[in-house]
Amino acid sequence: MIFEKAISVKEILQIIETPAELIGNGNDTVLGINEIHMVQNGEITFVDNSKYYEKALKSKAAFVLIDIKPENTYGKTLIVVQDPFSAYVKIVKHIRKFEPQTTFVHPSAEIGECTILQPGVFVGKDVKIGKNCIIHSNVSIYDHTTIGNNVIIQSNSVIGGEAFYFKRRPQFWDKLESCGTTTIADNVEIGALCTIDKGVSGDTYIGEGCKFDNHVQVGHDTRIGKHVLVGSHCAIAGVTVIEDDCTIWARVSINKDLVVGKGTILLATSAIDKSVEAGGKVLFGSPAIEVSKKWRELAALRLLPDMMQEITNLKKEIAELKKNK
């Protein structure tokens, strides 16, 4: 997330309100805040896991909240604190304070020509909705969401809700506050009771011409390409990339941090935990594999009861032969 106004390192130290040691240039200004995997030049990120120290220090970040003093800073300005996670959350809460809303449509919202909002639609701060859209009753469109032209959203869907992202503490789950955005491109149709979470610090993106059935969940920072069809009760985890022209049928589960290649077809009730190369593969099962192989596997499984009976019979015959020797 890019800040509306750059913040000095001194201000950052005041915001986090915790003992900290500054390593590097404390006179620079911070342009934004982001997670490691999407941080950009001039921005600040955090790291509190030894697995990701090097990734953070070699990222594009100019500033890193960190809980160690590394031998090599790779030119970064480091803010060494005991709990980088909590420091990061304090910055987010300072920049994106929760503001209660007293009207259904926030005064800052921009609604395009010929767009219809049915009764009970909630539209948050800094929302932009394009032309010729139909937003049905009781849809909630959270702050900092952008919706294109000719979009249809059925009743009771939630667009731009907070990311499901928590850190395990000894006694509780600690919430990572979201400061990202949500973008719905042109000509998208979203069914009833769907939920599309905003990015933690980046953008959750639904591409042009996508069509969602009812009860679809899309996690934070996921990017879905053009003309993707998603069936009912699908669960797509965060930070996933689904490329153009994929078809995802009902009750499919997709794990986080995956890439589903262009033209992939995932048959109903499947689940994938690994990336899929582009090329129009048809997959089925849990975990999903190519459908022709899965059908052979299922056919073989159906033969197992008869095979087990044959083995039992053979064992009896062998036992009888041994007995009669």
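## Surroundings of glycine 191

Glycine 191 touches Gln154, Ser157, Phe212, Asp213 and Asn214 when residues up to four places away in sequence are not counted, a contact being defined by heavy atoms within 4.5 Å. The residue is found in the loop between β19 (189-190) and β20 (195-197), where helices (H or I, at least four residues) and strands (E, at least two) are DSSP runs numbered from the N terminus. Glycine 191 is buried, with a relative accessible area of 5%; buried stands for under 20% relative accessible area, exposed for over 50% and partly exposed for what lies in between, with a 1.4 Å probe and protein chains only. The C-alpha atoms of glycine 191 and alanine 319, which are 128 residues apart along the chain, are separated by 63 Å.

## Basis of the values

This is a predicted model, in which local features need pLDDT of at least 70 and side-chain atom pairs count only at pLDDT 80 or more, while totals for chains, interfaces and linings use all residues. Residues are numbered from 1 along each chain as its sequence is written, and side-chain values use heavy atoms, with hydrogens and water left out.

## Overall dimensions

The protein has four helices and 34 strands, and its C-alpha atoms fill a box of roughly 95 × 60 × 40 Å, taken along the principal axes. Its radius of gyration is 25 Å, whereas a compact globule of 325 residues would have a value near 20 Å; the radius is taken over C-alpha atoms, and the globule rule is 2.2 Å times the number of residues to the power 0.38. Buried residues make up 42% of the 325 residues. Of the contacts with a separation of 6 or more, 24% are accounted for by residues 24 or more positions apart.

Strand β27 (residues 241-242) pairs with β30 in the parallel sense over two bridges, valine 241 having valine 259 in β30 as its bridge partner.

## Tyrosine 205 in strand β21

Tyrosine 205 lies in strand β21 (residues 203-206) and is partly exposed, with a relative accessible area of 25%. Leaving aside neighbours within four places in sequence, tyrosine 205 is in contact with Thr183, Ala185, Thr222, Arg223 and Ile224. Isoleucine 184 is 21 residues from tyrosine 205 in sequence and 6.1 Å from it in space, C-alpha to C-alpha.

## Backbone features in loops

Glutamate 17, in the loop between α1 (9-16) and β2 (21-23), has a positive phi of about 50 degrees although it is not a glycine, and it is exposed, with a relative accessible area of 63%. Cysteine 114, in the loop between β7 and β8 (116-117), has a positive phi of about 65 degrees, although it is not a glycine, and is exposed at a relative accessible area of 61%.

The peptide bond from serine 286 to proline 287 is cis, with omega near 0 degrees, and proline 287 lies in the loop between β33 (282-285) and β34 (288-290).

Terms used: Pairing = 2+ DSSP bridges.
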